[in-house]
Amino acid sequence: MAFTIRQLQFFIAVAEQGTVSGAAQNLSISQSSVTEAIKELEGDLGVELFERHPRGLNITHKGHQFLRHATKILADVSDARRAFSGEQAAAGGRLQLGVTSLVAGYVLSDLLARYRRAYPGVEISAIEDNGDYLEHLLVGGKLDIAVMVTSNLRDRTALQSEILEVSPYRLWLPLGHPLSSADIIGISDIASEPLIMLTVDEIEENTGKLLAAIAAKPHVAFRTRSVEAVRSLVATGAGVALLPDLVYRPWSLEGDRIESRDISGSLPVVQVGTVWRRGSGLPQAARDFIGLAQSQRMVRQRPDKNGR
């Protein structure tokens, strides 16, 4: 029996939420429907996609690999529907695009690939830089649109944004860390832990604020702008990390396991979205990019009206 689009949508929802109940609530369906779909999918593929535990589910290495395929399949289906609904643009044009470091490889890559397939005649020019500089370029008309962290957008009077993804902060731990088995983890529990600090966008600032709230000075073991370096350092026991779930992957490049746990209390979230100059006459290429970005968000969040 071949797997269905519906099963892929349910699988992605469970992978993103970490629990069947969370996925069911997000999809507005019963938990039993989600559980059955995941079991059927695992049976069809012949692999275990999730490890079950009392707090929810952890995606396995095989599951993580399949997640990339599942996301691409759903994006390709959406592209096919757009092509046959007359939305594919035959005209050319130019799109000047900006992106921040944190989201370049986690949001933009798939989105840009879909856009190139849907609008092959558009010439795309893209740059990566920090949020402040991208805002400056947007206000000055040097960029049409940017994909960036919007939770700390500075110039909201001059810029308009649309949220694509909201990602909470979670604690990254090496396999077997004592905190991984704790029922509840608070900020005070990690105050004395060596911290691997990611220094892109507002990550370092937010982490500092979290620890300052309990009058704790961060014990920073390593600072880096590389998410992959954070993964490797955490996985090998050099420290723990507080990072948005957006960039979490359960394995380092060396194949070592990384655990992810919720933190109790009020934690900030990272909002990622598209940003453009308010009141500007956006070129058609930019309007198409915004529309495609929003459609990708909807594909990832819920099944179609027929439940497939």
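In this predicted model, strand β5 (residues 145-149) pairs with strand β11 (residues 269-277) through four bridges, and the two run antiparallel. A146 stands opposite V275 in β11. Strand β5 also has a parallel partner: three bridges join β5 to strand β3 (residues 93-99). Here L97 faces I145 in β5. How many residues of β5 are buried? Five of its five are, and the strand is mostly covered.

**Strands β7 and β8**

Strand β7 and strand β8 (residues 220-224) pair in the parallel sense, over four bridges. M197 has R223 as its bridge partner in β8. Strand β7 is covered on both faces. L195 and M197 are buried on one side. I196 and L198 are buried on the other.

**Helix α7**

Helix α7 (residues 203-212) has these buried residues: I203, N206, T207, L210 and L211. Why do they line one face of the helix? Seen down the axis of α7, the buried residues fall within an arc of 130°, so they line one face. An α-helix has 3.6 residues a turn, so residues three or four places apart point the same way.

What covers this buried set? The cover includes a helix, α5 (101-118), along with β6 (159-174), β7 (195-198), β9 (241-244) and β11. Two of these names have come up already. Strand β11 is the antiparallel partner of β5, and β7 is the parallel partner of β8.

**Aromatic contacts**

The count comes to six aromatic pairs. Two of them are set out below.

| Pair | Centre to centre | Angle between planes | Class |
|---|---|---|---|
| F11 and F66 | 5.4 Å | 50° | tilted |
| Y115 and Y119 | 5.0 Å | 40° | tilted |

The F11 and F66 pair links distant parts of the chain. F11 sits in helix α1 (residues 5-17) and F66 in helix α4 (residues 61-84), 55 residues apart. Both F11 and F66 are buried. They also belong to one aromatic cluster, formed by F3, F11, F50 and F66.

Are Y115 and Y119 buried or exposed? The cut-off for buried is under 20% relative accessible area. Y115 counts as buried because its relative accessibility is 0%. Y119 is buried too, with a relative accessible area of 3%.

A charged side chain also meets a ring. R257 lies over the face of W251, at 5.1 Å from the ring centre.

**The whole chain**

The chain has nine helices and eleven strands. It has 308 residues, and 46% of them count as buried.

Among contacts between residues at least 6 apart in sequence, 75% join residues at least 24 apart. The F11 and F66 pair gives one example of a link between distant parts, at 55 residues apart.

Definitions and conventions: Residues numbered from 1 in each chain as written. Predicted model: local features only at pLDDT ≥ 70, side-chain atom pairs only at ≥ 80, totals over all residues. Heavy atoms only, no water. Buried < 20%, exposed > 50% of the residue type's maximum accessible area, 1.4 Å probe, protein only. Pairing = 2+ DSSP bridges. Phe/Tyr/Trp six-rings, centres within 6.5 Å; stacked < 30°, edge-to-face > 60°. Lys NZ or Arg CZ within 6 Å of the ring centre and 35° of its normal. Contact = heavy atoms within 4.5 Å. Arc of directions from axis to C-beta.
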